Amino acid sequence: MRPPTHILVVNGVKVRQPVFVLAAPHSGADLLARAIKRSPGVHLTMGRGAVSRVVYAFARRPSIARSPGAPRVIRDVLAEAWQVVPGACGECSGTCKEAGGIIGAGPCVTASELTRFGDASPDLLYSAPVLLQAFPDARFVQVIRDGRDVVADMLADPATMAWFKPHMLSDDSEFPSPFLGVNNAEHKLRWKEMPVAGKSALRWRAAIRLSAVLRKELPADQLLTIRYEDLHKSPAETFGQVGEFLGAKISTIALYGTGAPRVGARRRLAHTDAELVGKVAREELKRLGYS
């Protein structure tokens, strides 16, 4: 049984059917979020500091996310992030500011025009169960991308690589760890000795498994899954699906420029890395139809 719906009001607007964009790292959540953010009346945040701290706390320690107070914590921190006040965008990430076309402290939206709220913070996927408890009418859009391309882009991102330092699995780590893709404490040493390509593949694999659970548990009117490759191949059709799902007009203009989706990043992988990724992620790649 789902918890009762809480009435949350931000800037005089009731928060109804908030939108959350979910994906494994480097799977295109930022591209989709940029498009949704630019839809009329939508205030979608991306990586506000306070939100990120809560999201990563839940990701690193799943027991915190399962605590009775977790839904209130994430509801409160998002309500604060969604406030439209002078200087509000000063706390936003560079990605969020760029997506909203903001130079300076903002705000990026007009309070009087607000109709919808949302968030697309990195690694929000790990907070999906808590978000559903906090906002039972929430709408989720998740993006799936070929794991080999994902790993290639992860390896080129210093921020992502920082999560793979040996101390990230300490003696007080919780298992299973979907965030790092490690199932039990017996695998700690193997993980620490594994090349970063393998660790990246484990992260992708674990995220895909979480996405599969969501597809089984959530009804079609609450969860839409799209492919990163479809953003590249048929952006208008794909954004049309997202717009119909959310009841909003989504423009493909946000895809043009340096952030346009590309496929085939796996060609940058060294042969040994490509073999390792294929070994770790073989089952999920096959299930998703990535030959």
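Biologist: Which residue in β5 is the bridge partner of Phe20?

Modeller: The partner of Phe20 is Asp119. Please keep in mind that this is a predicted model.

Biologist: How many bridges join β3 to β5?

Modeller: Two bridges link β3, residues 19-23, with β5, and these strands run parallel.

Biologist: And how many bridges join β4 to β5?

Modeller: Four bridges connect β4 with β5, which spans residues 116-119, and that pair is parallel as well. Within this pairing, Leu44 has Gly118 of β5 as its bridge partner.

Biologist: What is the order of the strands in the sheet?

Modeller: The order is β4-β5-β3-β6-β7, an open sheet of five strands with parallel pairing. The twist from one strand to the next averages 20°.

Biologist: Which strands stand at the edges?

Modeller: Those are β4 and β7, the latter covering 223-227. Each has a single partner strand, so one side of each lacks a neighbour in the sheet.

Biologist: Returning to β4, are its residues Val42, His43, Leu44 and Thr45 buried or exposed?

Modeller: They are all buried. Val42 and Leu44 lie on one side of β4 (residues 42-45), His43 and Thr45 on the other, and both faces are covered.

Biologist: Let us turn to the helices. At what angle do α2 and α4 pack?

Modeller: Helix α2 (residues 49-60) packs against helix α4 (residues 70-81) at about 155°, and their axes are 9 Å apart. Since angles over 145 degrees count as roughly antiparallel, α2 is therefore roughly antiparallel to α4. The crossing of α2 past α4 is left-handed.

Biologist: Which residues make that contact?

Modeller: From α2 they are Ala50, Val51, Val54 and Phe58; from α4 they are Ala70, Val73, Ile74, Val77, Leu78 and Ala81. By class, this contact of α2 with α4 has 10 nonpolar residues, no polar and no charged ones.

Biologist: What about α10 and α13: how far apart are their axes?

Modeller: The axes of α10 (residues 196-217) and α13 (residues 271-287) are 8 Å apart, and the angle is about 5°. These two helices are therefore roughly parallel to each other.

Biologist: Which residues meet there?

Modeller: On α10 they include Trp204, Arg205, Ile208 and Arg209, and on α13 they include Asp273, Leu276, Val280 and Glu284.

Biologist: How many residues of each class does the contact of α10 with α13 have?

Modeller: It has 11 nonpolar, one polar and six charged residues.

Notes. Residues numbered from 1 in each chain as written. Predicted model: local features only at pLDDT ≥ 70, side-chain atom pairs only at ≥ 80, totals over all residues. Heavy atoms only, no water. Buried < 20%, exposed > 50% of the residue type's maximum accessible area, 1.4 Å probe, protein only. Pairing = 2+ DSSP bridges. Axes fitted to C-alpha atoms, helices over the stretch in contact; angles between N-to-C directions. Parallel < 35°, antiparallel > 145°, perpendicular 65-115°, else oblique. Left-handed = near helix turned anticlockwise from the far one by under 90°. Contact = heavy atoms within 4.5 Å. Nonpolar A, V, L, I, M, F, W, Y, C, P; charged D, E, K, R; others polar.
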